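Please look over the fold below. The report takes the helix packing, then the helix ends and loops, then a few single residues.

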Amino acid sequence: GTGSLNLEQFCNYVCDVRVQAYFRKIGLNVEKDNAAALFALIDLDANGTIELEEFVEGCAQFVGSARQLDIARLRKENQQIARQLRDLRHVIESSIRVGDSGDASIVAKPLEIPPP
């Protein structure tokens with residue numbers, strides 16, 4: 001082979017019970033119905049093929065204790081981003097005034113955006 005797999009080839013390999021057993025052994029539950037999602041995550045350069053190095057690096061990000069730490073870090077970052085978006089929405093809403101005629105105008109005051 002060429003040392004790389006496209007999505008169709010990857011999905012075909014995932015149907016093999018031996019390949020599924022390998023994935024389970026390294027802590028991943030991969031079946032035909034979630035193979036495309038895994039392929040997209042492993043295809044690090046998003047070129048539509050997975051090279052051997054991408055496969056190893058991609059699988060490594062989903063297994064072991066580092067995975068749990070990464071998930072916790074991403075969850076915290078998502079919470080911070082959500083809070084910042086809520087704060088920004090509040091700032092924007094407080095700087096827009098809707099008149100009696102339904103026309104919106106921006107209130108002439110400096111925006112105070114809270115620090116992250």
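## Terms and basis

Axes are lines fitted to C-alpha atoms, for helices over the stretch in contact, and angles run from 0 to 180 degrees between N-to-C directions. Helices (H or I, at least four residues) and strands (E, at least two) are DSSP runs, numbered from the N terminus.

This is a predicted model: local features need pLDDT of at least 70, side-chain atom pairs count only at pLDDT 80 or more, and totals for chains, interfaces and linings use all residues. Residues are numbered from 1 along each chain as its sequence is written, and side-chain values use heavy atoms, with hydrogens and water left out.

## Overall layout

The protein has five helices and four strands. Along the sequence they follow the pattern β-α-α-α-β-α-α-β-β.

Of the 116 residues, 18% are buried (under 20% relative accessible area; exposed is over 50%, partly exposed in between; 1.4 Å probe, protein chains only). Contact means heavy atoms within 4.5 Å. Among contacts between residues at least 6 apart in sequence, 40% join residues at least 24 apart.

## H1 against H3

Helix H1 (residues 7–14) and helix H3 (residues 32–42) have axes that come within 9 Å and cross at roughly 140°. H1 is therefore oblique to H3. Angles under 35 degrees count as roughly parallel, over 145 as roughly antiparallel, 65 to 115 as roughly perpendicular and the rest as oblique.

H1 passes H3 in a right-handed crossing. A crossing is right-handed if the near helix is turned clockwise from the far one by less than a right angle, and left-handed if anticlockwise. On the H1 side, Leu7, Phe10, Cys11 and Val14 take part; they meet Lys32, Ala35, Ala36, Leu38 and Phe39 of H3. By class, this contact has eight nonpolar residues, no polar ones and one charged. Ala, Val, Leu, Ile, Met, Phe, Trp, Tyr, Cys and Pro count as nonpolar, Asp, Glu, Lys and Arg as charged, and the others, Gly among them, as polar.

## H1 against H2

How far apart are the axes of H1 and H2? They lie 6 Å apart, and the helices pack at about 85°. H1 and H2 are therefore roughly perpendicular to each other. Phe10, Tyr13 and Val14 of H1 make the contact with Val19, Gln20 and Phe23 of H2. Five of these residues are nonpolar, one is polar and none is charged.

Phe10 and Val14 of H1 also meet H3. An α-helix has 3.6 residues a turn, so residues three or four places apart point the same way.

## Helix ends and loops

Aspartate 16 caps the N-terminal end of helix H2 (residues 17–25). One of its side-chain oxygens lies 2.7 Å from the backbone nitrogen of arginine 18. Just after H2, glycine 27 takes a positive phi of about 95°.

Alanine 46 sits in the loop between H3 and strand E2 (49–51). Its phi is near 55°, a positive value in a residue other than glycine. Alanine 46 is exposed, with a relative accessible area of 65%.

A polar atom of its side chain lies 2.9 Å from the backbone nitrogen of glutamate 51. Not counting residues up to four places away in sequence, glutamate 54 touches Ile42, Asp43, Leu44, Asp45 and Thr49.

Threonine 2 lies in the segment before strand E1 (4–6). Threonine 2 is exposed, at 68% relative accessible area. Threonine 2 and glutamate 51 are 49 residues apart in sequence and 9.0 Å apart in space, C-alpha to C-alpha.

Definitions and conventions. Polar contact = N/O pair within 3.5 Å; in protein donor to acceptor, adjacent residues only side chain to side chain.
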